[in-house]
Amino acid sequence: MKFLGNVLAVIVGLFVFSILSILVMFGFIGIIASSAGDAEVKVKENTVLHLNLNGRTLVERTTEDNLDLGFLGNPFGGDANAGLVNLKKAIDEAKTNENIKGIYLNTGLIIAGQANLLELREVLEDFKSSGKFIIAYDEAFSEGGYYLASVADEVYMNPIGGVDFNGFASEGIFLKGFFEKVGIKPEVFRVGEFKSAVEPYILDKMSPENRLQTQFFLDDINTNALMDIAESRGIAFDSLKKINNLMLVRKPADAVTYGLMTELLYEDQVHSKLKEKLGLEDDDDISKINATDLASSAKSKNITSSNRIAVIIAEGEIVSGKAAGAISSEKFASEIRKARKNESIKAIVLRVNSPGGSVVASEVIWREMAEAKKVKPVIVSMGEVAASGGYYIAAPADTIVAQPNTITGSIGIFGLMFNVQELLNNKLGITTDVVTTGELSDFMNAGRSMTDVERMIIQSSVEDGYETFISRVAEGRGMSTEAVKEVASGRVWTGNQAKERGLVDVLGGLDTAIEIAAGKIKAGDDYRVVYYPEVKPWFQMIMEDLGENVRVGFLKRELKENYPLYQQVEKLKNYQGIQVRMSQDITIK
């Protein structure tokens, strides 16, 4: 493995050198320097905003630097990201910019959760109120891709393309059989019959409780999607539900027959449609602008306003320390603390998109949220998922806002340890020996079975953690502990279901949360939104992520369909200590 690591390091070095050589050869270094300045992007008359989201992963936020790196491609298989904040800013600008006549939308195989798709869809719906057009086209559509595209006035698909329109499914990977084969015995401690995060390690299929909750929230998410599509496409809901339930769209022509598509066309034919709307001749070029360029041309709202609202983006697993690519306790506690102490920040909006993680890290962030609430309004906006630890850190807020299809709740706690004695002794022929000064000096030694005393200590710690979690929610929500426990036990809810049970106050997206914050400080329209943490420049991000892209791309190619299994095992590294983590990694497809 060390040899392989050295080889990969050489590959990374050569690739970095190649990129730098290309940049120098073509003079791109100068472009990079100029792009860091204040070069103004001018929007030509009769322009279309082109949102090409096909194959991109929709995340909360990406770098907003104005430079198109598409010429570099992505040779190692990493997914290109599209930032929700930047997309919304571009669409808002397109709505009022007289030179923008409409939007050309490619969403086919977008990778995104339902709540973020809804948030983007709502902005596109608002754009249509301007009277400008939206035309959507792609060669093929996933369920999520079509859900987003259905907001368009006209939706086109390649004549031999396809659309996945057969409802949602959530599939879990179970490792019980694998652990039995290799000689690993999981030791599980949990509170709540719905706290199923540990199920993949102790079962070979879903428990009845997990199946019940999954069916409950999945049905609600599917219903929400069908209601939105039915309204946009002018199809009766009951008819659309039948089409979806029986997968009646089985070939391209069916999509037109049942009203999902306007027509089956090739892309050049769709371009002709665009030219007609723009009043262009067949030989004329269509003037297009991408979201990054258009967003950079938008003038910041109330840039001199003394009423600033801090939006802190918390995306990823909750971990201790300063880990990158996660909600690290030290970093995010510091961001909240700085916003609390900054007198120009009048209100805080925490945007949460997290399945949870470490209970200690969650408690650290909870503390800063509770302290901030004492001196200024604190609003939470829930994204795709804000569950378990994600809900823990949201609990102190004055107001919690979630989308109807947000995944939230999962108020529960667990501990997971592994006994590898059989693997070491019987499979690998490795034995260990130990000398101790006390009865529990080798507490939780993974090389032997746990004692009853050790199990009692850990279970007691888990139960204490659960009571703390319950009390945090009860205090923040103004509920009794008994009322919280009725909706807790690790059960997952949609935003709709959570609102009915008092865990969410308002249904809506990030803009709704910002408007509530503005109302709390009586700012009217006189406020400015500032985002934290600070986003790094694109070039720094490339250099930092390059090695990871190489590693991920190599593993995907070698493991192929086994890569998800590898990911599941790899995540065990983060299951250290007591966890407030969602029931399982829910993937809806």
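Predicted model: local features only at pLDDT ≥ 70, side-chain atom pairs only at ≥ 80, totals over all residues.

Me: Ok. How many residues are there, and what percentage count as buried?
Reply: The protein has 589 residues, of which 50% count as buried.

Me: How many helices and strands?
Reply: There are 22 helices and 22 strands.

Me: And contacts with a separation of 6 or more: what share comes from residues 24 or more positions apart?
Reply: Such pairs account for 76% of those contacts.

Me: Where does Leu440 sit?
Reply: Leu440 is in the loop that runs between helix H16 (421-427) and helix H17 (452-477). Its relative accessibility is 37%, so Leu440 counts as partly exposed.

Me: What about Met444, where is that one?
Reply: Met444 is also in the loop between H16 and H17. Met444 is partly exposed because its relative accessible area is 36%, which falls between the 20% limit for buried and the 50% limit for exposed.

Me: What is phi at Met444?
Reply: Phi of Met444 is near 60°, a positive value in a residue other than glycine.

Me: I had Ser410 flagged as well. What is its phi?
Reply: Phi of Ser410 is near 55°, again positive in a residue that is not glycine. Ser410 belongs to the loop between strand S17 (407-409) and strand S18 (413-419).

Me: Is Ser410 buried or exposed?
Reply: Buried, since Ser410 has a relative accessible area of 0%.

Me: Still on backbone geometry. Which residues does the cis peptide bond join?
Reply: The cis bond joins Tyr532 and Pro533, with omega about -5°. Pro533 lies in the loop between strand S21 (528-532) and helix H21 (538-559).

Me: Switching to helices. How do H13 and H14 pack?
Reply: Helix H13 (residues 329-341) and helix H14 (residues 359-373) pack at an angle of about 5°, and their axes are 9 Å apart. That angle makes H13 roughly parallel to H14, as angles under 35 degrees count that way.

Me: Which residues meet there?
Reply: On the H13 side they are Ser329, Phe332, Ala333, Ile336, Arg337 and Arg340. These meet Ala361, Val364, Ile365, Glu368, Met369, Glu371 and Ala372 in H14.

Me: Now H8. Where in the chain is it, and what about Asn224?
Reply: Helix H8 covers residues 208-233, and Asn224 is in it. At 16% relative accessibility, Asn224 counts as buried.

Me: What does Asn224 contact, leaving aside neighbours within four places in sequence?
Reply: Asn224 is in contact with Pro404 and Asn496.

Me: And Leu218, which helix?
Reply: Leu218 lies in helix H8. Leu218 counts as buried because its relative accessibility is 10%.

Me: How far is the C-alpha of Leu218 from that of Gly167?
Reply: The two C-alpha atoms are separated by 9.3 Å, and Leu218 and Gly167 are 51 residues apart along the chain.

Key
Residues numbered from 1 in each chain as written. Heavy atoms only, no water. Helix = DSSP H or I, 4+ residues; strand = E, 2+ residues; numbered from the N terminus. Buried < 20%, exposed > 50% of the residue type's maximum accessible area, 1.4 Å probe, protein only. Contact = heavy atoms within 4.5 Å. Axes fitted to C-alpha atoms, helices over the stretch in contact; angles between N-to-C directions. Parallel < 35°, antiparallel > 145°, perpendicular 65-115°, else oblique.
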